[in-house]
Amino acid sequence: MVLAGGVGGARFLRGLRAALDPATDRITAVVNTGDDLTIHGLRVCPDLDSVMYTLGGGIDEERGWGRAGETWTTQTELAGYGAEPDWFSLGDRDLATHLVRTRMLDAGFSLSDVTAALCARWQPGVELLPMTDQRVETHVLVDLDAGSRAIHFQEWWVRYRAQLPARAFVQVGVESSVPAPGVVQALAEADAILLAPSNPVVSIGTILGVPGLRDAVATAPAPIVGLSPIVGGAPVRGMADRCLPVIGVPTTAEGVGRHYAARTHGGLLDGWLVHTGDRADVPGVAVEAVPLLMTDDDRTRAMAQAALELARRCRDA
Ligand code: GDP
Ligand code: CA
């Protein structure tokens with residue numbers, strides 16, 4: 001059982017799948033949907049799609065998101081109309097996913113149903129569950145045009161490259177959301193719960209913000225092990241260093257570990273994996289250093305194995 005964001009979550013899940021036996025082991029991933037947005041009338045789920053394409057072999061490996069062999073004709077045509085917004089890239093292949101999703105949602109299917117339908121094509125080998133079926137969107141409180149404004153997380157991340165100072169992250173709609181079907185049960189039945197090396201604020205933090213979900217994690221019988229997305233005091237990819245200060249967390253493996261905190265201290269963790277050479281003192285948590293760079297399949301598999309072994313030791317301790 002894994003809590004995951006987009007690119008970091010996807011790569012980690014691919015390693016975990018390789019570390020386990022498909023005949024006997026099941027993997028369920030609860031994926032962040034706070035990045036979701038409606039663009040040109042289409043519902044886009046960036047993190048679910050990154051995970052689905054990565055596990056299904058359809059990802060553009062270099063970019064880390066979107067489809068391999070992508071073309072951009074529709075986008076160029078939209079630009080010809082001056083259609084706004086123009087800062088979010090939509091590839092031609094990728095568009096088919098959003099068309100199918102939007103049509104199903106409009107017909108009354110839940111995001112869980114839609115995700116299962118899309119996965120029937122991609123066969124990710126992992127059960128992908130959205131964190132919730134309700135619409136919950138992360139917005140960022142920024143100072144813009146001489147006033148305080150909330151903009152969609154994607155606009156902040158993609159359009160402004162996270163360079164506009166953020167005052168706060170807000171999960172619009174979260175109060176009336178509930179964990180998607182199967183999420184609470186999967187947590188209760190899991191042998192191990194892993195927090196992928198995903199963004200602690202706008203991926204893992206968003207998932208844990210769904211009412212009831214954090215409690216379901218914290219009270220699950222399985223050991224909980226997290227993997228640090230921060231290596232050598234910086235995010236490996238992306239701009240997590242623009243997010244962590246907003247919630248007062250230092251951009252270090254120790255800072256994130258202490259933010260998640262020990263289960264025995266009202267937090268979540270039994271174990272915390274940091275990258276070789278990084279140090280983290282997290283009271284009440286078994287900390288271990290192993291290579292945490294997902295530069296190829298073998299290294300990523302080894303990293304997943306290390307997380308499973310630490311979980312096993314936490315359980316037996
Ligand atoms: P996003 O939704 O696409 O931003 O992806 P996630 O939230 O799942 O993952 C983003 C995080 O993954 C970033 O904070 C990165 O530091 C982290 N990350 C990416 N590649 C690696 C890696 O090779 N090793 C580790 N430890 N973290 C990584
Ligand atoms: Ca994301």
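These legends walk through close-up views of a predicted model, from its pockets to its ligand. Residues count from 1 along each chain as written, chains are lettered from A and ligands numbered from 1 in written order, and side-chain values use heavy atoms, with hydrogens and water left out. Because the model is predicted, local features need pLDDT of at least 70 and side-chain atom pairs count only at pLDDT 80 or more, while totals for chains, interfaces and linings use all residues.

**View 1. The largest pocket holds about 1100 Å³ of space.** Its lining runs to 43 residues, and the closest to the centre are Val7, Trp65, Trp157, Arg237 and Gly238. (A pocket is an open set of points on a 1 Å grid over the protein atoms alone where a 1.4 Å probe fits, with protein on both sides within 12 Å along at least five of seven lines; lining residues have an atom within 4 Å of a point. The volume is the space filled by probe spheres set on the points.)

View 2. (Helices are DSSP runs of H or I, at least four residues, numbered from the N terminus.) Sorted by class, the lining has 21 nonpolar, 14 polar and 8 charged residues; Gly counts as polar here.

**View 3. Ligand 1 sits in the largest pocket.** (That takes more than half of its atoms within 2 Å of the pocket's grid points.) Around ligand 1 are 20 residues, with Ser198, Ser203, Pro229, Leu292 and Met294 coming nearest. (Being around it takes a heavy atom within 4 Å.) The biggest share of this shell, 3 residues, is from α1, and the shell splits into 10 nonpolar, 8 polar and 2 charged residues.

**View 4. Oxygen atoms of ligand 1 meet polar atoms of the protein.** Ser198 brings a polar side-chain atom to 2.6 Å from a ligand oxygen. Gly6 has a backbone N or O atom 2.9 Å from an oxygen of ligand 1, and a polar backbone atom of Pro197 is also 2.9 Å from a ligand oxygen. The protein covers 91% of the 580 Å² of accessible area that ligand 1 has on its own (Shrake-Rupley method, 1.4 Å probe).

**View 5. The second largest pocket holds about 460 Å³ of space.** Of its 19 lining residues, Met1, Arg26, Ala190, Asp191 and Ala192 lie nearest the centre. Helix α12 (297-316) gives the largest share, 4 residues.

Note on methods:
Helix = DSSP H or I, 4+ residues; strand = E, 2+ residues; numbered from the N terminus. Polar contact = N/O pair within 3.5 Å; in protein donor to acceptor, adjacent residues only side chain to side chain.
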